[in-house]
Amino acid sequence: MSTETRRRTAADGSGGLRADLSAVRRILPLLGLRRASLVRAVALGSLTLAASVALAGTSAWLIVRAASMPPVMTLNVAAVGVRLFGVLRGVSRYLDRLAAHDVALRGVADLRTNLYDALSRGRTEHLAGLRRGDLLARTGADVDDVGDLVVRAIVPALVAVVVGLGSVAYIACFDLAAAGVLLVCLLVSALVVPALAQRADARAEQARVAARADVAVATETLLTRSAELALTGQRDGALAELDAANARGRAAERLAAVPLASSAALAILATGAAALGALLIGIPALVAGTLNAEQLGIVVLVPLAVFEATMPLPAAASQLHRSAQAARRILDLIDATSDEAPTARVSPAARRSDTSQPTAPTPPPGLAARGLRYGWPGGQPLAAPLDLDLTPGRSLAIVGPSGVGKTTLLLTLAGMLPPLGGGADAGRPGTVVPARYGARPARRADRRGRPRLRHLGAGEPARGQG
């Protein structure tokens, strides 16, 4: 990962929850989330956990009631309810997973499509300046991280709100004090614990992103330059770089697991505190006669099932930060390529956009340049102004040693870099070719180290030297 990317990542990581939510709000429209599908996923997730809470409450009532050995007919309804809620929990869990992943996968597909569309319509000089591994990480793993936001953060958070509030209201029907204890412990488990996990995970996320980009770059280098690395004896060094990047990635994953494990332990402590608080409040109420034994069992055991809704929230907070970081990198990529194109850059499609008048037959495609000065944006031109006409069927070789600007010239002619002067058109070439660019014996470069152009005969291969 480049120094600028590392600096931007570190700056973004210090923004906190508000900055994360701002980045997520900007990226959500690109996901194209359908409200009906999201509501269905939340409803099925809430039904799953509600069945768990109902199963715990019904089981508690059945156990306590059966201890007094009543007529078996009085237990039949509760026994059937236990079976019903047990089956319902399994079925709704399956449907919940289907619905949530359907929303997430459709969102990832829409996001990747919108990203490719934005990049194809935007300026390409920024893309040309990125390492291929960086671009691959942003359009691949970063898009997947944003898609995970639905399954691992949005849906669990909404389900926790629905089930938590419903459970507190249910316990309040038996004892308000016990409901208050449950509410406080739920707030600790749903707000404090995830906040601690997110803050601790932010540092690990920076290292994880850097390592992932380094792995992508090293892998791409080994795959696309394998022959060159073997000939120059640099393959072992490239493999060592890949191993080192993988080791950094594994270390970052271990570092990220520590805050999640600690937050899970705190969540379990909050669960135990809620059950203990309900017991300390329920026993005096049982002695005072305001609660019976069956109700005491419900008040004590139901919180054990309610906290199943808050268990995913620490991981959801970490996923929110991870997805927000990925969203920033994607948005930075879109913003950097969506600026207005320079006026020197010629768009053949714009010239033919007026379809109100009859148009002549489209001429064969070609390549033309007039007074073209090429180089990297913000730099100096690499050669004198270039005039070029290349018609269909002709071949042109660009020759010269490495570093004189052959690739830069090709990127400019292809429209991937804006010209520093003049213009290029991949539409209608002319006929005038200056003598210094005409057919002549090929040379490696001129005396100033600039690339030379050579017209080739039919069947002669075009290649660059150096």
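**View A. Helix H3 runs from residue 35 to residue 67.** Counting 33 residues, H3 reaches 48 Å from its first C-alpha to its last, close to the 48 Å expected at 1.5 Å a residue. That expected span is 1.5 Å times one less than the number of residues in the helix. Helices (H or I, at least four residues) and strands (E, at least two) are DSSP runs, numbered from the N terminus. Just after H3, look for methionine 69, which takes a positive phi of about 55°. Please keep in mind that this is a predicted model, in which local features need pLDDT of at least 70 and side-chain atom pairs count only at pLDDT 80 or more, while totals for chains, interfaces and linings use all residues. Residues are numbered from 1 along each chain as its sequence is written, and side-chain values use heavy atoms, with hydrogens and water left out.

**View B. Helix H7 (residues 141-172) crosses helix H12 (residues 313-337).** The two axes come within 8 Å and cross at roughly 145°; axes are lines fitted to C-alpha atoms, for helices over the stretch in contact, and angles run from 0 to 180 degrees between N-to-C directions. The crossing of H7 and H12 is left-handed, a label used when the near helix is turned anticlockwise from the far one by less than a right angle, with clockwise giving right-handed. On the H7 side, the residues that meet H12 include Asp142, Val146, Leu149, Arg152 and Ala160. Their counterparts in H12 include Leu313, Gln319, Leu320, Ser323 and Ile330. Contact here means heavy atoms within 4.5 Å. By type, the residues of this contact divide into 13 nonpolar, two polar and six charged.

**View C. Arginine 329 sits in helix H12.** H12 has 25 residues and reaches 35 Å from first C-alpha to last, close to the 36 Å expected at 1.5 Å a residue. Of its 25 residues, 21 are buried, so H12 is largely enclosed by the rest of the structure. Buried means under 20% relative accessible area, exposed over 50%, and partly exposed in between (1.4 Å probe, protein chains only). Is arginine 329 buried or exposed? At 7% relative accessibility, arginine 329 counts as buried. Leaving aside residues up to four places away in sequence, arginine 329 touches Arg138, Asp142, Val209 and Arg212.

**View D. Three strands form an open sheet in the order E2-E1-E4.** The pairing is antiparallel, and two strands count as paired if DSSP finds at least two bridges between them. E2 and strand E4 (421-425) stand at the edges with a single partner strand each, so one side of each has no neighbour in the sheet. From one strand to the next, the twist averages 5°. Helix H14 (residues 406-413) packs on the sheet, touching E1, E2 and E4, and its direction makes about 120° with that of E1.

**View E. Strands E1 (residues 367-373) and E2 pair over four bridges.** Leucine 367 stands opposite leucine 390 in E2, and the bridge partner of alanine 368 is aspartate 389.

**View F. Threonine 271 and glycine 277 both lie in helix H10.** Threonine 271 is buried, with a relative accessible area of 10%. Beyond residues up to four places away in sequence, threonine 271 touches Pro303, Leu304, Phe307 and Met311. Glycine 277 also counts as buried, at 14% relative accessibility. Its C-alpha is separated by 10.0 Å from that of alanine 179, which is 98 residues apart from glycine 277 along the chain.

**View G. Threonine 290 lies in the loop between H10 and helix H11 (293-306).** At 53% relative accessibility, threonine 290 counts as exposed. Setting aside residues up to four places away in sequence, threonine 290 touches Ala285 and Gln295. Threonine 290 and phenylalanine 174 are 116 residues apart in sequence and 8.7 Å apart in space, C-alpha to C-alpha.

How values were computed. Ala, Val, Leu, Ile, Met, Phe, Trp, Tyr, Cys and Pro count as nonpolar, Asp, Glu, Lys and Arg as charged, and the others, Gly among them, as polar.
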